[in-house]
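Take a look at the model below. This report walks through a few of its parts, one at a time.

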Number of protein chains: 2
Amino acid sequence: MAKKGQYTYEYPHPAVTADCVVFGYDGKELKVLLIKRGAEKEASTTAYVGEWALPGGFLDVERDKTVTHTAARELKEETGLKLGVKDFKEVATFSDIKRDPRERVITIAHYALVKLSDVQADTDADKAEWFSMKDVPSLAFDHDKILRVACSRLRQDIHFEPVGFDLMPEIFTLPQLQNLYESILEVKFDRRNFANKMKHFGMLVEVEDDTPRHGTRTPIKYRFDKENYERLKAKGFQLEF
Amino acid sequence: MAKKGQYTYEYPHPAVTADCVVFGYDGKELKVLLIKRGAEKEASTTAYVGEWALPGGFLDVERDKTVTHTAARELKEETGLKLGVKDFKEVATFSDIKRDPRERVITIAHYALVKLSDVQADTDADKAEWFSMKDVPSLAFDHDKILRVACSRLRQDIHFEPVGFDLMPEIFTLPQLQNLYESILEVKFDRRNFANKMKHFGMLVEVEDDTPRHGTRTPIKYRFDKENYERLKAKGFQLEF
DNA sequence: TAAACTTCGCGTTAATTTTACACAAAATTA
DNA sequence: TAATTTTGTGTAAAATTAACGCGAAGTTTA
């Protein structure tokens, strides 16, 4: 651990953090990963102890290649969830002068999309918890605001990128996919038009899978055709919803 | 001036800057405002002396309310151009560990759109210069990259916001507006379809203006109907191009 | 001064995309 | 076995987008 008062500068410098909004989808609703702020670390200076917050932490000036590396590293440390730098998207910077009561801290918010079914086991249940977007508690710092902005960013991105496929499990059904889109965009689509449009893009591949499903009629299973998507993207095509 | 080594922290802090990509349009081509890096200020530590760069500078930890305030303040100081915080849009954070040779500096890039005809007189010609996007020189630091990213961001934004009207003079013609869209998007539109679409939005108002124009036939003059645009936006409408 | 040329505005038609909507099959429940 | 829920499929109307012809206004050229 570094000694106190070791680092001096000619001009004041702010502290810089990266925060993570990790979205997951369980087939029913959109969820977000939060941590409970503990007093373990720097007890005396830690703020908002016991409150829920977004995972995140300070830029390691000497080691973190970019602030996105900070995001990935802190997410791993705080929740156990290991994501690659490429899995993150930058949302925005939050730099209000009083956003942290201790000192001037600016944060670069990121978001990531994960297949909840794949990672739920990885997340350290002692520290982190998945909350449905519908009942997110009030958060520490300005994290409420960050979450709102991240959501609206996700809503924008979904129009141009197949974000659904990052959130869905490998094998999924059209009704599930539609439900996800409806959850994120908070609208309802016509089932038939949704299916037509999705199939029309040519990114869905039918899969043999006889796992019985809960519902009534058994829907067809699909997987995302990543190669074809990459080909289409290279050609310059537009998703749109 | 502050004494050296006055500000001390328990952990290393990066320096934080805000950089500005200011776009202007002169009726012909898209331009960007650059400054020539001088050795005036902190001579010994200044890097890239004599090279062209984006306007920008260090966050004033004690005074700047947000990094966007930094952007506005520095733009004014370095180019004479006075813009409001609302005129800026955040683009992205650039935080590569070696992007500044002197110390770790992360920068939050912003862009702004201005009516070149209105502000050309305000820009301090000694320090700043407007460059056509077609012949931008190679820039200091990673500013080439920042400019590229800002451009692609502008190209995205133009699909959903009437950015044209921030760049055009108060009174303009449809061919001018079309030229701007074509410059930014690097495509060609059909003159008649472009006009139909634009008029269909209901944001254009015909204006009486008999200033003779250079070309052949004198095109109709318009102005942007801001009130109507706000009304439409409130109702939730989409631009799209 | 007339002819040729360029730029501009208007409107029409064809192609494409989006929207609205009805019915039958599969599985569960009563 | 009948009723109920969920899913899959197709088609016609409506709206939007794309393609395009023409004549008018002004400039340049012969």
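Which residue of strand 11 of chain A is the bridge partner of Val205(A)? The partner is Arg223(A). This is a predicted model.

Strands 10 and 11 of chain A pair in the antiparallel sense, over four bridges. In general, strands of a sheet pair through backbone hydrogen bonds.

The table lists the strands of this sheet whose residue ranges matter here.

| Strand of chain A | Residues |
|---|---|
| Strand 11 | 221-224 |

**Helix 6 of chain A**

Now turn to helix 6 of chain A, residues 191-201. Which of its residues are buried? They are Phe194(A), Ala195(A), Met198(A) and Phe201(A).

What covers the buried residues of helix 6 of chain A? The cover includes helix 5 (174-185), strand 10 and helix 7 (226-235) of chain A. After helix 6 of chain A comes Gly202(A). Its phi is positive, near 75°.

**Two packed helices in chain B**

Two packed helices are described by the angle between their axes and the distance between the axes. In chain B, helix 5 (residues 174-185) and helix 6 (residues 191-201) pack at an angle of about 100°. Their axes are 10 Å apart. The two helices are therefore roughly perpendicular to each other. Helix 5 of chain B brings Leu174(B), Leu177(B), Gln178(B) and Tyr181(B) to the contact. Helix 6 of chain B brings Arg191(B), Phe194(B), Ala195(B), Met198(B) and Lys199(B). Six residues of this contact are nonpolar, one is polar and two are charged.

**Arg73(B)**

Last stop: Arg73(B), in helix 1 (residues 67-79) of chain B. Is Arg73(B) buried or partly exposed? Its relative accessibility is 24%, so Arg73(B) counts as partly exposed. Leaving out residues up to four places away in sequence, Arg73(B) touches Phe58(B), Leu59(B), Asp60(B) and Asp64(B). Val85(B) lies twelve residues from Arg73(B) along the chain, and their C-alpha atoms are separated by 9.2 Å.

Notes: Residues are numbered from 1 along each chain as its sequence is written. Chains are lettered from A and ligands numbered from 1 in the order in which they are written. This is a predicted model: local features need pLDDT of at least 70, side-chain atom pairs count only at pLDDT 80 or more; totals for chains, interfaces and linings use all residues. Side-chain values use heavy atoms; hydrogens and water are left out. Axes are lines fitted to C-alpha atoms, for helices over the stretch in contact, and angles run from 0 to 180 degrees between N-to-C directions. Angles under 35 degrees count as roughly parallel, over 145 as roughly antiparallel, 65 to 115 as roughly perpendicular and the rest as oblique. Contact means heavy atoms within 4.5 Å. Ala, Val, Leu, Ile, Met, Phe, Trp, Tyr, Cys and Pro count as nonpolar, Asp, Glu, Lys and Arg as charged, and the others, Gly among them, as polar. Two strands pair if DSSP finds at least two bridges between them. Buried means under 20% relative accessible area, exposed over 50%, partly exposed in between (1.4 Å probe, protein chains only).
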